[in-house]
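Please look through the sequence and the structure shown below, and then read the briefing that follows, which is grouped by topic.

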Amino acid sequence: MKRFVLLLLTATLCLGGYGQDVYAPYRQHWLEQAQRYTPVLQERVCHPVDTVDIVPDSAAFQGWKAVPGSAVFDFGRHLTGYLTLRFRVLSGTQDAPLRACIRMGEIPAELMLSREPWTGTLSRAWLQDETVTVWDLSAPLTLSRRFSGRYLSVSFPDTPTAFSFAVDDVSLRAVSAAGEAPQVEGRIPQMALATLSECMQTVMEDGPKRDRRLWAGDFYLGMLANRYSFRNMDLVRRCLYLLAGCAAPDGTLNSQVYESPQPHPQEWSYAPDASLYFPLMLQEYLDQTGDLDLVRDLWPVAVKQLQTALGFLDARSLFHPSVPVWQVFDWCEGLDRTTSTHGLLICALRQGALLAEKLGDAPLAEQWRTRAAEMQEAARRYLWKSGVFVSGDAQQRSVHSQIWMVLGDVVSGPAARRVLLRALSDPQFLRPNTPGAMHFLVEALIRCGMEEEARQVMRSCWGAMAGLGLDTFCEIWDADHPDASPYGHPGLNSYCHLWASTPLYFWGRYPAIFAGIR
Ligand code: RAM
C-alpha cells in the first residue's frame with residue numbers, strides 16, 4: 001500500500017504544471033518497472049594508497065600535478081562513495097571541538113583552484129569542499145555527502161590549544177552498480193571502463209561528481225559502452241523506464257531525471273536531440289537483448305518523440321523551429337544546432353521505422369521512411385553550400401553539421417569523405433569540444449571508411465587525456481584550452497563523464513580499427 005502511494009505521488013510529481021497526461025494509462029507501470037530494476041550497489045572499503053603534494057607544473061593538466069609528499073591523501077584511482085575519518089587524541093584532553101576542512105578532487109588541480117571571486121555559473125556547492133565540526137574525536141566521522149575523486153585533502157584551520165590529535169584512519173566506502181569488470185586491454189579502454197563503472201550508480205549518472213543524474217543523451221552513449229563491457233541490462237531497463245515515467249504529460253521526454261526522494265524530472269527540460277535518442281535507445285536495446293516486450297511497453301514514447309520533432313519541420317521539410325528550442329549536442333560556443341538535429345531526426349526516423357516494422361506497423365514504418373527521404377532531399381537542396389552543409393539562418397559551418405549529415409546518410413561515399421576532410425582541416429569550422437560530440441565524429445568517420453582519421457580523433461581526444469595521467473575521461477576536452485569550462489569555473493567540470501566512456505564501444509564493435517592504439 002505504502003509503495004502504491006509513493007508511486008502515485010511520483011506520478012503526480014511528474015505531471016508538474018502541465019495539462020492532461022497522455023501517458024496516464026502507462027505511467028504508473030513504467031515507474032513500477034523502474035523501481036523493480038533498481039540495482040543493489042556493490043560496496044568496497046578503500047584506503048589511500050599514498051600521500052602526495054600538489055605542485056605547479058605548466059606541462060600538467062590545468063597546471064598542477066601530484067608528486068610524492070605528505071599533504072594530500074591519494075586513493076590511487078577515481079572512487080565514488082562515502083568518506084570516514086577516525087581520530088585519536090595524542091595528548092591532553094579534548095576541551096574544544098575540532099574544525100575539519102575536507103576537499104576532494106577528481107584531478108590534482110581541483111584542490112588548488114582559486115574559489116575567489118566565484119566565477120562559476122552553477123552552484124559553488126558542487127565543489128567537493130566540506131567544513132565539519134567534530135565534537136567527539138573518539139567517534140568515527142562519516143560524511144553524508146557522496147564524494148567522487150582520487151585526491152583528498154584534510155586540514156584543521158582552528159588549532160586546538162589544550163590537546164594534540166592525529167588522523168588515525170581515512171577510508172572511502174566506494175559504491176557502484178557496475179558489477180564484475182571485464183578484462184580490457186590498453187590504457188584508453190581501461191580508463192573508459194573506470195569512467196563507466198564510476199557513472200553506474202542507481203542510474204547511469206552523467207557524472208558522479210556533477211550532475212549526478214540521468215541525462216537522456218549521456219545515457220544513450222553509456223548504453224553503447226555498457227554493451228561491450230559490464231552488460232548490466234537491468235540498469236539499462238531502469239533508466240529507460242525512468243525516462244519514460246518522468247516524461248512530460250504532453251508526451252515529450254524531459255532530458256533529465258532525478259531519483260530522490262522519488263523519481264522526478266527536471267521540468268521543461270525537453271531538448272529535441274536528447275528526446276530523439278529515445279528511438280535509438282530502443283533499437284539498441286532490442287539489438288542487445290531481443291526483448292521486444294520492453295520495446296512494445298515503451299513504444300508510445302518513441303512514437304511521440306518522433307511526432308513532436310516532425311512538428312518542427314517547415315514546408316521545405318527542414319528542421320526549423322519557429323520558436324527557440326533548446327538543443328545540446330556539444331558545448332561548442334555559438335554552435336547552431338539545427339542541421340545537426342535535422343540529421344539526428346533522419347537517423348531516429350529510420351531506426352523508428354525498423355522498430356515499427358518489428359512491432360507489426362508496416363504503414364507507420366513506410367510513412368517514417370518517406371519522411372526521412374524527404375528530409376534527406378531537403379538537406380541536399382537547402383543546406384548544401386559551396387561543398388559543405390551549413391546550419392541556421394547565418395549559414396554557419398561546423399564539424400557537427402557534417403557529422404550528422406553523414407550519419408543521416410544525406411551524403412555518403414567519396415562525397416562524405418570530402419565533406420568531413422574539409423571540415424576537419426579548415427580552422428573556420430566550429431569543432432566539437434566534448435567527448436560526447438567526438439563520439440559521433442568517430443562514428444561518422446568509420447561510416448565513410450576513414451579509419452585512420454577515426455584513430456586520429458581517438459588519439460587526439462581520448463589518447464591525449466590518457467597521456468596526461470588522468471584516471472577517467474572528462475566531460476570537456478579542448479586541447480588548446482585545458483581549463484575551459486562551459487560553467488565559468490573548471491572546478492565545476494566533471495572529470496569522469498559518462499559520454500566519454502564510448503571507447504569501450506569502439507574497441508568492442510570495431511576491434512580491427514582500434515586494436516593498434518595503446
Ligand atoms: C551538462 C552535463 C550533461 C550533458 C548536458 C547537456 O549539464 O555535462 O552530461 O548532457 O550538459
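Q395 is partly exposed because its relative accessible area is 39%, where buried means under 20% relative accessible area, exposed over 50% and partly exposed in between, computed with a 1.4 Å probe and protein chains only. This is a predicted model, in which local features need pLDDT of at least 70, side-chain atom pairs count only at pLDDT 80 or more, and totals for chains, interfaces and linings use all residues. Residues are numbered from 1 along each chain as its sequence is written, and side-chain values use heavy atoms, with hydrogens and water left out.

**Backbone features in loops**

- Q395 lies in the loop between the strands β14 (388-391) and β15 (396-397), and its phi is near 55 degrees, a positive value in a residue other than glycine.
- R231, which is not a glycine either, has a positive phi of about 50 degrees, and its place is the loop between the helices α5 (216-227) and α6 (233-245).
- R231 counts as partly exposed because its relative accessibility is 42%.
- Most residues other than glycine have a negative phi, and most peptide bonds are trans.
- A cis peptide bond, with omega about 5 degrees, joins R210 and D211, and D211 is located in the loop between α4 (187-199) and β10 (214-215).
- Another cis peptide bond runs from S260 to P261, with omega near 0 degrees, and P261 sits in the loop between β11 (256-258) and β12 (264-265).

**The surroundings of the ligand**

- The ligand is surrounded by D206, R210, D211, W215, D218, V328, W331, E475, Y487, H497 and W499, where a residue is near a molecule if one of its heavy atoms lies within 4 Å of it.
- By class, this shell has five nonpolar, one polar and five charged residues; Ala, Val, Leu, Ile, Met, Phe, Trp, Tyr, Cys and Pro count as nonpolar, Asp, Glu, Lys and Arg as charged, and the others, Gly among them, as polar.
- A polar side-chain atom of D218 lies 2.5 Å from an oxygen atom of the ligand, and a polar side-chain atom of H497 lies 2.7 Å from an oxygen atom of the ligand.
- For D211, an N or O atom in the side chain is 2.9 Å from an oxygen atom of the ligand.
- On its own the ligand has 290 Å² of accessible area, of which the protein covers 94%, as computed by the Shrake-Rupley method with a 1.4 Å probe.

**Helix α12 and the residue L424**

- L424 lies in helix α12 (residues 413-425), and L424 counts as partly exposed because its relative accessibility is 22%.
- Leaving aside neighbours within four places in sequence, L424 is in contact, meaning that heavy atoms are within 4.5 Å, with V399, R431, L441 and L445.
- The C-alpha atoms of L424 and V399 are separated by 6.7 Å, although these two residues are 25 residues apart along the chain.

**The protein as a whole**

- The protein has 16 helices and 15 strands, which are DSSP runs numbered from the N terminus, helices being H or I with at least four residues and strands E with at least two.
- Of the 518 residues in the protein, 57% are buried.
- Among contacts between residues at least 6 apart in sequence, 75% join residues at least 24 apart.
- The C-alpha trace spans about 80 × 60 × 45 Å along its principal axes.

Technical notes: Polar contact = N/O pair within 3.5 Å; in protein donor to acceptor, adjacent residues only side chain to side chain.
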